[in-house]
Amino acid sequence: MTIDEINGCPDIPALIQERYGRMSRTQRRIGDYILNHTDTVCFQSLKQTAAAAGTTEATVLKFCGQLGFSGFLHFKRELQDYVKQRMSPNETFAATLRQARHEPQIYERIIETEKRSLDLTYAAADPENLEAFVSALRQASRVFVVGHHISELVARNLLLKLRQAGVESYLVDINDYYDVEQAVVLARGEDLFVLISFPSYSPKVRSLAEYLGSAGIRTACITDRYSSPVAARASVVLVCNSDHELFYNSVTAAVSLVSMIVSSLALSDPERVETYQRRASAFYTAYREGVVRYRNEQDDVL
């Protein structure tokens, strides 16, 4: 497309306006409806959009094709990304809720969205990228995990699983400047930063990604598209679908991807996992016995 992009998303309203003068009367009616109801169309079905625009489904499909999209689903997903870049999470949730509350099969749609998110993620997964990501984790001396807002949930999940696999890992609080500073300034050559970011991409995470790239600090990324601004400087990128019927983003696919990655890591280096688990078990037993012993001593004194 020869149209401006925002964070990798085509500016669809600008694309429609650019071609408006060359459209037929029916196409203009479709274009007008989309321009005036952008936040509604991105969550409608093809049938709903055609009915609201006063035309046929075939005509809407042809309209999407003439704009350069492979079909209505392709058009709608790009439109959803466009809306996400311009609306806050609360605005997106409110707009979607207004539309979805009148849907007779909203529960089925939500379930299908979650299933489709997983299907799309693994269908598009590049085995070489997956192996490269696991290899980067395996070779890292320490792993620093960074997330923001909803992606922090994924970051914490990754942190927990990495620690269970015996990897020295830390969560970096992107909102704490000194926490970020310590992690970056004291980073060693074999350390790895894992940045997790979805729309709307945090300016702080974007700035950190840019600095890490310029400083030659190894970086891996989990995001929603290869063209996302946090992926540009990463040595390895994993992409997962984050679409959702109601919320700004879904982390279903990201959490699943994290489980798969760390499972692969553990299977590739079982000795490290076993060593960590053995030491952790020995510590837990000794620590628990010590707590009980000193608590009893304290009770005797009292």
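Modeller: Helices are DSSP runs of H or I with at least four residues, strands are runs of E with at least two, and both are numbered from the N terminus. By that rule, Lys-76 is found in helix H6, residues 72-86, and Arg-77 lies in helix H6 as well. This is a predicted model, in which local features need pLDDT of at least 70, side-chain atom pairs count only at pLDDT 80 or more, and totals for chains, interfaces and linings use all residues. Residues are numbered from 1 along each chain as its sequence is written, and side-chain values use heavy atoms, with hydrogens and water left out.

Colleague: How many helices and strands does the protein chain have?

Modeller: The protein chain has 14 helices and 7 strands.

Colleague: What makes Lys-76 buried or exposed?

Modeller: Buried means under 20% relative accessible area, exposed means over 50%, and partly exposed is in between, with a 1.4 Å probe and protein chains only. Lys-76 has a relative accessible area of 14%, so Lys-76 is buried. Contact means heavy atoms within 4.5 Å. Not counting residues up to four places away in sequence, Lys-76 touches Val-41, Cys-42, Phe-43 and Gln-44.

Colleague: Which class does Arg-77 fall into?

Modeller: Arg-77 is at 27% relative accessibility, so Arg-77 counts as partly exposed.

Colleague: What makes a set of residues a nonpolar core?

Modeller: A nonpolar core is a set of buried Ala, Val, Leu, Ile, Met, Phe, Trp, Tyr and Cys residues joined through side-chain atoms within 4.5 Å. The largest one has 32 residues, and among those that touch the most other members are Phe-133, Leu-137 and Val-194. Elements that each supply at least two residues of this core include helix H9 (127-139), strand E5 (192-196) and helix H13 (252-268). H13 gives the most, with 7 residues. Leaving aside neighbours within four places in sequence, the contacts of Val-194 include Phe-133, Leu-137, Val-143 and Ala-220. A second, separate core has 23 residues, including Ile-16, Cys-42, Ala-50 and Val-60.

Colleague: Why are H4 and H5 called roughly perpendicular?

Modeller: Axes are lines fitted to C-alpha atoms, for helices over the stretch in contact, and angles run from 0 to 180 degrees between N-to-C directions. Angles under 35 degrees count as roughly parallel, over 145 as roughly antiparallel, 65 to 115 as roughly perpendicular and the rest as oblique. Helix H4 (residues 46-53) and helix H5 (residues 57-66) pack at about 100 degrees, with axes 8 Å apart. H4 and H5 are therefore roughly perpendicular. Leu-46, Lys-47, Thr-49 and Ala-50 of H4 meet Glu-57, Val-60 and Leu-61 of H5.

Colleague: At what angle do the axes of helix H2 and H4 cross?

Modeller: The axes of helix H2 (residues 25-36) and H4 cross at roughly 110 degrees and come within 9 Å. H2 is therefore roughly perpendicular to H4. Arg-29, Ile-30 and Tyr-33 of H2 make the contact with Thr-49, Ala-52 and Ala-53 of H4.
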